[in-house]
Every structure is written in C-alpha cells, then in structure tokens.
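Reader: Could you walk me through this structure and tell me what stands behind each term you use?

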Amino acid sequence: MKTAITDLLGIEMPILLPGMSWISTPELVAAVSNAGGLGILASGPLTPDETRSAIAEIRLLTDKPFGIGVTLLMPGAEENANIAIEEKVPVINFSLGKGDKLIERAHAYGAKVIATVVTEKHALSAQKSGADALLVTGHEAAAHGGDVTSLVLVPAISQAVDIPVIATGGFADGRGLLAAFSLGADGVAMGSRLATSSNSPLHQNMKDAVVNKSEQDTIYSKNFDGIHARVMRTPEAIKATKKPMNFIVACIEAMKAAAMVKQPIWKIMLGMLAQMNNVKLLAYFGAAVPRLKAATVDGNYKKGVQFIGQTQGLIKDQPSVEQIFEDIRKDVQVVHAANSQRLESSK
C-alpha cells in the first residue's frame with residue numbers, strides 16, 4: 001500500500017502508533033514497525049538515560065524505521081530531543097511547541113519530522129518551519145484532540161498545505177483508513193486500536209474496559225490536565241473533569257509527579273519559571289500524571305483516569321499488532337470493492 005507517507009517514512013503500511021505515555025514502549029513500537037507501520041516511542045515519562053536505552057532496545061527488536069515523540073511544552077523534552085538527535089532516530093514527532101530548531105537539527109542528519117497539529121493555523125506554521133508531515137488530530141482522538149472533528153479538520157488542513165497529512169481521531173480499521181484517504185490524508189495514526197493490542201503494555205483491566213464500553217463512554221474536558229482532552233468515562237474521570245483542581249493542590253501534585261517520572265524538582269521549577277505564561281498549564285499537566293499512570297500502568301479503575309478515543313466503540317477484541325494490520329489489509333480490499341460496486345450501480 002503506497003502513499004506519500006509510506007514513501008516519506010520508508011514503511012509498508014500508512015499506519016502509525018502515536019507516542020502514548022507508558023503505552024508506546026519499545027516492545028509496542030517495534031511490533032508496529034515490524035508489521036509494516038511506524039511505531040513512535042513516547043518519551044514523556046522517560047529520563048534522558050531511559051530514552052537512550054529505549055532507543056537501543058527498539059533497534060534490537062527491529063531494523064525497520066521508527067520514531068520518537070517529544071512534547072515540547074514539558075520539562076525534560078529538550079533533553080530527550082537531544083538524545084533522539086544524538087542517536088539519529090529516523091523520525092521525530094513533536095507537539096505543543098515550536099519545532100523550528102528541532103526540525104533543522106533533525107534534517108541535518110536526514111531524519112523526517114512530523115508536527116502534531118489541531119488547527120489550520122498551526123499546520124501552516126509547522127509547514128513553514130520545515131516539517132515533513134503533519135499529524136492532524138481531530139476531536140474524536142484520545143487525549144488532546146482538537147475542537148473540530150476529523151471529518152472536517154483533515155480535509156480543511158489537507159487542502160491548505162503541500163506536505164503529507166496523517167489523520168488521527170476516529171480511525172481504527174480498514175474502513176477508517178479508506179475514509180482518511182477520501183478526506184485527503186496520506187495515512188492514519190491508530191492510538192486506541194494499537195493500545196488494546198496483545199502487544200501493548202496497557203494494563204489488562206483497561207483493555208477489557210475499552211472492549212466493554214461504547215463510543216458514548218468518553219469525556220472531553222479541559223478540567224483534567226489544563227488542555228481539552230478525551231478520557232474514558234469512569235466515576236473518577238467524572239469527578240476529575242467536573243471542575244479544575246485547586247491551583248495550589250495542582251502544584252503539589254505536579255511535584256509528586258516529578259518524582260514519579262524521575263524528574264528533579266529543581267528542573268520542574270526552572271521549567272515553570274522559563275514558561276511563566278504557561279505555569280498554570282504546566283501545573284495541571286503534571287498533576288494529571290499520577291491518575292494517568294494509575295490507570296495505564298496499574299489498571300486502577302477507581303483511582304485512575306485513562307486517555308481513550310471515541311474509537312473505543314469500534315474495538316471489540318485484543319489481537320496482536322500483526323493481526324490488526326492483516327485485518328486492515330483485508331478490510332481495505334473488501335470495503336474498496338463494495339464502494340466500487342456502489343459507484344458502478346449508481347451510474
């Protein structure tokens with residue numbers, strides 16, 4: 001299956017694993033890359049040493065292209081980006097920040113850079129900065145999707161830019177992949193679908209919850225971590241999104257989270273001082289970490305909050321990544337044939 005994205009990234013299938021904290025680990029990244037897609041390592045919870053070790057582990061598990069995700073807003077992101085560049089990671093995906101310098105340094109050794117965007121304005125800015133492709137995140141997506149659904153956002157951005165577009169938010173099977181092509185995208189990212197594969201480290205409790213819940217069972221709110229985000233509807237999520245956490249409490253929780261992800265408190269404080277205009281957002285972002293980890297890693301349904309997309313309603317099993325990709329290939333053929341027949345009969 002050849003598209004502008006498969007040609008750009010040197011992969012066989014235009015399907016990406018986005019960088020999801022505690023989920024997009026070396027094992028899952030390699031499984032996706034080995035199946036023909038592009039796995040992207042989540043560097044958010046990792047120290048620089050852990051990031052370097054994770055990159056080495058991926059290279060032991062696959063000889064295929066892979067990427068690393070960096071959330072530029074967060075303390076520690078610059079160090080992890082430096083490690084990615086030192087290790088000459090083939091693809092770098094950045095979000096929540098300006099990636100001009102990162103793009104320049106990555107291009108110097110031949111890497112490709114994907115910018116995650118949720119608006120046309122940001123898409124045009126990323127293209128101007130030299131990004132090679134865009135990960136366009138619609139309203140249906142897990143975590144920080146935009147205000148506009150993929151059905152509108154993807155074609156709006158696709159027609160506004162000259163670089164390849166990867167659609168994410170609402171795509172979980174072959175039907176979704178063909179739909180994304182129709183909207184002008186050159187590939188898709190399937191976070192929720194791949195997070196529930198048998199290769200994924202997502203806790204079994206949460207995988208089972210995804211299978212048992214519907215597309216209605218999500219909440220989209222700004223109150224959880226300071227940015228509009230989509231989470232699984234649970235009693236704890238309802239409580240966590242009812243109103244924003246007290247700012248002082250959020251700062252205290254953020255400091256606890258720093259220790260949890262092995263970030264020195266002084267580094268967090270410096271990061272906040274360097275971004276005074278974002279200090280409140282950084283506090284809420286950090287305060288969300290313990291509840292995210294409780295769900296994702298510990299499977300604590302009562303205390304944790306799980307990022308999940310509306311494709312939750314389409315996920316009914318937990319096959320391997322390889323089987324998911326094979327099913328998508330078959331779905332594409334069947335759906336394409338059915339669509340061709342519909343068009344033929346309408347003449």
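Author: Gladly; what follows takes the strands, then the helices, then the cores.

Author: This is a predicted model, in which local features need pLDDT of at least 70 and side-chain atom pairs count only at pLDDT 80 or more, while totals for chains, interfaces and linings use all residues. Residues are numbered from 1 along each chain as its sequence is written, and side-chain values use heavy atoms, with hydrogens and water left out.

Reader: How do you know how many helices and strands the chain has?

Author: Helices are DSSP runs of H or I with at least four residues, strands are runs of E with at least two, and both are numbered from the N terminus. The chain has 16 helices and 10 strands.

Reader: What makes β1 and β2 a pair?

Author: Two strands pair if DSSP finds at least two bridges between them. Two bridges join β1 (residues 15–17) to β2 (residues 38–42), therefore they pair, and the two strands run parallel. L16 stands opposite L38 in β2.

Reader: Which strands make up the closed barrel?

Author: Eight strands close it, in the order β1-β2-β3-β4-β5-β6-β7-β8, with parallel pairing. The twist from one strand to the next averages 25 degrees; angles run from 0 to 180 degrees between N-to-C directions, and axes are lines fitted to C-alpha atoms, for helices over the stretch in contact. Four bridges link β4 (residues 91–95) with β5 (residues 112–117), where N93 stands opposite I114. Another four join β5 to β6, with L134 in β6 as the bridge partner of A115.

Reader: Why is β6 called largely enclosed?

Author: Buried means under 20% relative accessible area, exposed over 50%, and partly exposed in between, with a 1.4 Å probe and protein chains only. Five of the five residues of β6 (residues 133–137) are buried, so the rest of the structure largely encloses this strand. A133, L135 and T137 lie on one side and L134 and V136 on the other.

Reader: Which way do the residues of β2 point?

Author: L38, I40 and A42 point one way, G39 and L41 the other way, and all are buried. In the whole chain, 53% of the 347 residues count as buried.

Reader: How do you describe the packing of α2 and α3?

Author: Two packed helices are described by the angle between their axes and the distance between the axes. Here α2 (residues 26–34) and α3 (residues 48–61) pack at about 40 degrees, with axes 9 Å apart.

Reader: What makes the crossing right-handed or left-handed?

Author: A crossing is right-handed if the near helix is turned clockwise from the far one by less than a right angle, and left-handed if anticlockwise. α2 passes α3 in a right-handed crossing.

Reader: Which residues of α2 and α3 meet?

Author: Contact means heavy atoms within 4.5 Å. P26, E27, V29, A30 and N34 in α2 meet A54, E57, I58 and L61 in α3.

Reader: What makes a set of residues a nonpolar core?

Author: Its members are buried Ala, Val, Leu, Ile, Met, Phe, Trp, Tyr and Cys residues joined through side-chain atoms within 4.5 Å. The largest such core has 68 residues, of which L134, I157 and F325 touch the most other members. Helix α16 (residues 321–345) gives the largest share, five residues. A second, separate core of 12 residues includes L9, L16, L38 and L135.
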